[in-house]
Amino acid sequence: MTKKRNRTRPALSLQERKFTRDARAAAKKLPAGTERHTLLQKARDGEAAAEIERLLSSPGSQHQK
């Protein structure tokens, strides 16, 4: 008998994870200020959008016909 693996999908797509990782890395190199704040805000916005998309596309939120 083979053991079944527990698989989960990542919350963010690969492209979204790369964008947020790059934005956070760039922000880490900058001193505190407007540009750093903007990059961090974009990373948070991308994560929030991905979370909303994941919630809307989950099987529990589908309308029954």
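A residue counts as buried under 20% relative accessible area, as exposed over 50%, and as partly exposed in between, with a 1.4 Å probe and protein chains only. By that scale R24, at 33% relative accessibility, is partly exposed.

The model is predicted, so local features need pLDDT of at least 70 and side-chain atom pairs count only at pLDDT 80 or more, while totals for chains, interfaces and linings use all residues. Residues are numbered from 1 along each chain as its sequence is written, and side-chain values use heavy atoms, with hydrogens and water left out.

The chain has two helices and zero strands. Both terms refer to DSSP runs numbered from the N terminus: H or I of at least four residues for helices, E of at least two for strands. Of the 65 residues of the chain, 11% count as buried. The chain exposes about 6200 Å², and carbon and sulfur atoms supply 56% of this area. Accessible areas come from the Shrake-Rupley method with a 1.4 Å probe; for residues, only the protein chains shown count as cover.

Helix α2 covers residues 34–57. The expected span of a helix is 1.5 Å times one less than its number of residues. For the 24 residues of α2 that gives 34 Å, which agrees with the 34 Å between its end C-alpha atoms. A43, G46 and A50 are buried in α2. D45, also placed in helix α2, is partly exposed, with a relative accessible area of 42%.

The salt bridges come next. The term is used for a side-chain nitrogen of Lys or Arg within 4 Å of a carboxyl oxygen of Asp or Glu. Side chains of opposite charge can pair when their charged atoms come close. The structure holds two salt bridges.

One of them joins the side chains of K18 and D22, at 3.0 Å from N to O. K18 and D22 are four residues apart in helix α1 (residues 14–29), and therefore separated by about one helical turn. K18 is partly exposed at 44% relative accessibility, and D22 is partly exposed at 39%.

E47 and R24 form a salt bridge in which the closest N and O atoms are 3.2 Å apart. This pair links distant parts of the chain, since E47 lies in helix α2 and R24 in helix α1, 23 residues apart. E47 counts as partly exposed, at 29% relative accessibility.

Several C-alpha distances relate further parts of the chain. R21 is found in helix α1 and is exposed, with a relative accessible area of 52%. The C-alpha atoms of R21 and A43 are separated by 7.8 Å, although the two residues are 22 residues apart along the chain. A43 is one of the buried residues of α2. T20 and D45 are 25 residues apart along the chain, with 9.2 Å between their C-alpha atoms. A25 lies in helix α1 and counts as partly exposed at 37% relative accessibility. Its C-alpha atom is separated by 9.4 Å from that of L39, 14 residues apart along the chain.

The segment before α1 contains R9. R9 is exposed, with a relative accessible area of 80%. R9 and R54 are 45 residues apart in sequence, and their C-alpha atoms are 9.9 Å apart in space.
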